[in-house]
Amino acid sequence: MTTSRLTPATYHIEIHKGDAWNLDVTVSINGSPANLTSYTIAGVIHPKAGGSDVTLTITNTNLAVGQFRVSLAAATSATMAVAYHTWHLTLTPPGTPAQPRKYLAGRFIVSDCV
């Protein structure tokens, strides 16, 4: 398990096909925990060869201090092609109009088990 305290960044991930994956994230603003209580958080993997996006599971662990978990089930990664896909995590604050912001993005590499 990896814990990240990041500003918007590129974050590459590599997993083996059929493995579960998760990432614990803590969002800080100027070194202080960010209150994400009213935010919408979404994560998605875009398959290299096209097709339907893979939705990542977001678990709210303590949004009042900016903490949540992003995960992918083993059964879902087992269905993904061995390839370099792309992914991103979007934070959308409350308000109208909605102003989503990509927080993390990068490659999501699925490799063969050796």
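Numbering starts at 1 along each chain as its sequence is written, and side-chain values use heavy atoms, with hydrogens and water left out. Since the model is predicted, local features need pLDDT of at least 70 and side-chain atom pairs count only at pLDDT 80 or more, while totals for chains, interfaces and linings use all residues. On pLDDT (the predictor's confidence in each residue, from 0 to 100), the protein averages 89, and 92% of the residues score at least 70. Residues 1-6 are another story: pLDDT there is below 50, yet the stretch has 18 contacts in the model beyond near neighbours in sequence. A contact here means heavy atoms within 4.5 Å.

Now for the aromatics. Rings of Phe, Tyr and Trp (its six-membered ring) pair if their centres lie within 6.5 Å; planes under 30 degrees apart are stacked, over 60 edge-to-face, and the rest tilted. That rule gives 2 aromatic pairs. In one of them, the ring centres of W21 and W87 sit 6.3 Å apart with planes at 75°, so this pair is edge-to-face. Strands are DSSP runs (E, at least two residues), numbered from the N terminus. W21 belongs to strand β4 and W87 to strand β9 (residues 83-92), so the pair links parts 66 residues apart in sequence. W87 is buried at 2% relative accessible area, and W21 also counts as buried, at 12%. For accessibility, buried means under 20% relative accessible area, exposed over 50%, and partly exposed in between (1.4 Å probe, protein chains only). W21 also pairs edge-to-face with F108, at 5.4 Å centre to centre and 90° between the planes. F108 is in strand β10 (residues 101-111) and W21 in β4, so here the parts tied together are 87 residues apart in sequence.

A nonpolar core is a set of buried Ala, Val, Leu, Ile, Met, Phe, Trp, Tyr and Cys residues joined through side-chain atoms within 4.5 Å. The largest one has 24 residues, and those with the most contacts inside it are W21, F68, L72 and F108. At least two core residues come from each of β3 (13-16), β4, β6 (40-46), β7 (54-62), β8, β9 and β10. Neighbours within four places in sequence aside, the contacts of L72 include I15, W21, I45, V54, L56, M80 and F108.

On the charged side, a salt bridge is a side-chain nitrogen of Lys or Arg within 4 Å of a carboxyl oxygen of Asp or Glu. The tally is 1 salt bridge. D24 and R69 form it, with their closest N and O atoms 2.7 Å apart. Since D24 lies in β4 (residues 21-29) and R69 in β8 (residues 67-72), the pair ties together parts 45 residues apart in sequence. D24 is buried, at 15% relative accessible area, whereas R69 is partly exposed, at 24%.

T96 and P97 are joined by a cis peptide bond with omega about -5°, and P97 lies in the loop between β9 and β10. N30 has a positive phi, near 50°, despite being a residue other than glycine. N30 sits in the loop between β4 and β5 (32-33) and is exposed, with 81% relative accessibility.

How values were computed: Helices (H or I, at least four residues) and strands (E, at least two) are DSSP runs, numbered from the N terminus.
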